[in-house]
Amino acid sequence: MPEEEKDKALVVFDYIYHAMRAKPVLEAAGFKVREVAPPVEYRTGCDLAVEVDATDVDAAENVLIEKGVMILDILFMPKGAKLIPVYLTKLIKTVDYGEYVMVRCGNMKITYKKSNGMIVNISGGGCPDIPFLGMKLYGTIIGEGPRPRALGKTVCAYTLEHAYDKALAIYKKDSGKKGK
Amino acid sequence: MLLLVGTIPIETLPLTYGTVNYQPDKLTIGDYTLEGQYVTLGTAAMISAASATCQALGIPGPNAAVVGDTGMGEGTMKLLRYLTEEIAKLSPSVVTLHYILPTRDPFINFINAAHKMEKRPFLIADAGALLNAKAVKLAPKFDLFTPDPGELSFLADPDAAHPAYVQHFIFDVDQTEVPRLSQEAYAHGDAPQYMIVKAPTDHVIVNGKVVAVIKEPNIPALEPIGGTGDTITGVVSALISSGMDVVEACIAASKINRTAGELARPTPATTIAQFIPFIPEAVKKIIGKK
């Protein structure tokens, strides 16, 4: 029998910087969470909220506060409320340019050199931290340098993290084949 | 006067307004000078491209209002509040909004202030400003958006608050998808009168309908290069501010960007700093002015 749908609560944030950190913090503490778009009245165009079971909300809030993740508000959602999940895993595409591979996730693109894993370009996005991330990631070796999630503060950076993960997985797989 | 607006990810950059002068290794905005890699960083790439285009056209350079912001939004708020208060006095004929952190009230207040001006400026949005305009339902208050295919998918999805939430993402726009998505975005009020959809094949859109398609020269290596969309936005801003017809300017901007790409002979590892110096020559080839 399908599990009965539980009441949900939504944690919303002033800054995406904090929203991006909420999921790993809560998952590490054992909570079941889902990243979703906040309701329309909370949207600005660069938003991420975290959905938790309503029964977990006090404990989850305590964990977030303890770990320095700043919350704007907690909303208790009516049962069956439909929130739009992040579709990023469905939004990935790779393009082979011969010596280089470009991995695209949604509106973000990362390109690295096949022979040594060096990141040569970051493209897409519109939030202020993306050019900053580009500057920090250019010339680094994928998997060895700074990661978008660690430096970024917006949903564009969060999207770029997914492209980075995919690029790293491809690079590792291809390097493994060469090593055999 | 063309006014270019956006953030640059330098925490120490104060709110700065002034005339722009681009040289390949130096970008001056008022009394602030960006050098080295900062000349082509985010909004600076768009500003550099616009300045290079104005130089090639022999018209006065743009003005810019910029501020430091690395993603927390404080710079964005300061910039939008400043412009809300000053826009009537600055009296630009064209305003291009670029990398900003999407916000609600400061953004809405600025757009409303621009609309209250005696002569409303032509409003262009790309990057964060485009995301912001759609999320707060103000797209029809703009005149031109310059989305890439991912951003067009986002505009066409009425429920998406960011491209990360698009339910049917389009990577490879084609002759079917661009007209459909453009029409959908325009029909539900999430697109302005004009758009350039920037992709391996560029499309110029008026009121949700394709009016021009630009395919050549096709330089596949431009797609991975961060900033080649920003340069189209800068070039088209300069052309519109020169008095050129909007559709003509959109077509010319697409051709200029492609021609600059052809001249630069790029690889996927080419940087936007290596690309922008070819814009003046491309402008002269396409527009034919000194």
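**Entry: the model**

I am working from a predicted model.

**Entry: cysteines**

I began with disulfides. A disulfide is a covalent bond between the sulfur atoms of two cysteines. How many disulfides are there over all chains? I find zero.

I turned to chain B next. B:Cys54 is in no disulfide either. Its nearest cysteine sulfur is that of B:Cys250, 16 Å away. B:Cys54 has a relative accessible area of 1%, so I note it as buried.

**Entry: the sheet in chain A**

Which strands make up the open sheet of chain A, and in what order? I read four strands in the order 5-6-7-8. The pairing is antiparallel. Strand 5 (92-96) and strand 8 (119-124) of chain A are the edge strands, and each pairs on one side only. From one strand to the next, the twist averages 15 degrees.

I followed one pair in detail. Strand 7 (residues 108-113) and strand 8 of chain A run antiparallel and are joined by five bridges. Opposite A:Ile110 I find A:Ile122, in strand 8 of chain A.

**Entry: the sheet in chain B**

I looked up the open sheet of chain B. It has 11 strands in the order 4-3-2-5-1-6-7-8-9-10-11. Here the pairing is mixed. Which strands stand at the edges? They are strand 4 (32-35) and strand 11 (209-214) of chain B. Each has a single partner strand, so one side of each has no neighbour in the sheet.

Strand 4 of chain B is joined to strand 3 of chain B by four bridges, and the two run antiparallel. B:Tyr32 in strand 4 is the bridge partner of B:Ile29.

Strand 3 (residues 26-29) of chain B also has four bridges to strand 2 of chain B, again antiparallel. A hairpin connects strand 2 to strand 3 of chain B through two residues. B:Asn21 stands opposite B:Thr28 in strand 3 of chain B.

Strand 2 (residues 16-23) of chain B has four bridges to strand 5 (residues 63-68) of chain B, and these two run antiparallel. There, B:Thr19 faces B:Asn63 in strand 5 of chain B.

**Entry: helices on the sheet in chain B**

Which strands does helix 1 of chain B lie across? Helix 1 (residues 43-57) lies across strand 1 (2-8), strands 2, 3, 4 and 5, and strand 6 (94-97) of chain B. It runs at about 155 degrees to strand 1 of chain B. Helix 3 (residues 105-116) of chain B packs on the sheet too, touching strand 6 and strand 7 (122-125) of chain B. The direction of helix 3 makes about 170 degrees with that of strand 6 of chain B.

**Entry: a helix pair in chain B**

Last, I checked helix 5 (residues 149-156) and helix 6 (residues 177-187) of chain B. Their axes are 8 Å apart, and they pack at an angle of about 45 degrees. That angle makes helix 5 oblique to helix 6 of chain B. The crossing is left-handed. Among the contact residues are B:Leu152 and B:Leu155 in helix 5, and B:Val178 and B:Leu181 in helix 6 of chain B.

Note on methods: Residues are numbered from 1 along each chain as its sequence is written. Chains are lettered from A and ligands numbered from 1 in the order in which they are written. This is a predicted model: local features need pLDDT of at least 70, side-chain atom pairs count only at pLDDT 80 or more; totals for chains, interfaces and linings use all residues. Side-chain values use heavy atoms; hydrogens and water are left out. A disulfide is a pair of cysteine sulfur atoms within 2.5 Å. Buried means under 20% relative accessible area, exposed over 50%, partly exposed in between (1.4 Å probe, protein chains only). Two strands pair if DSSP finds at least two bridges between them. Axes are lines fitted to C-alpha atoms, for helices over the stretch in contact, and angles run from 0 to 180 degrees between N-to-C directions. Angles under 35 degrees count as roughly parallel, over 145 as roughly antiparallel, 65 to 115 as roughly perpendicular and the rest as oblique. A crossing is left-handed if the near helix is turned anticlockwise from the far one by less than a right angle, and right-handed if clockwise. Contact means heavy atoms within 4.5 Å.
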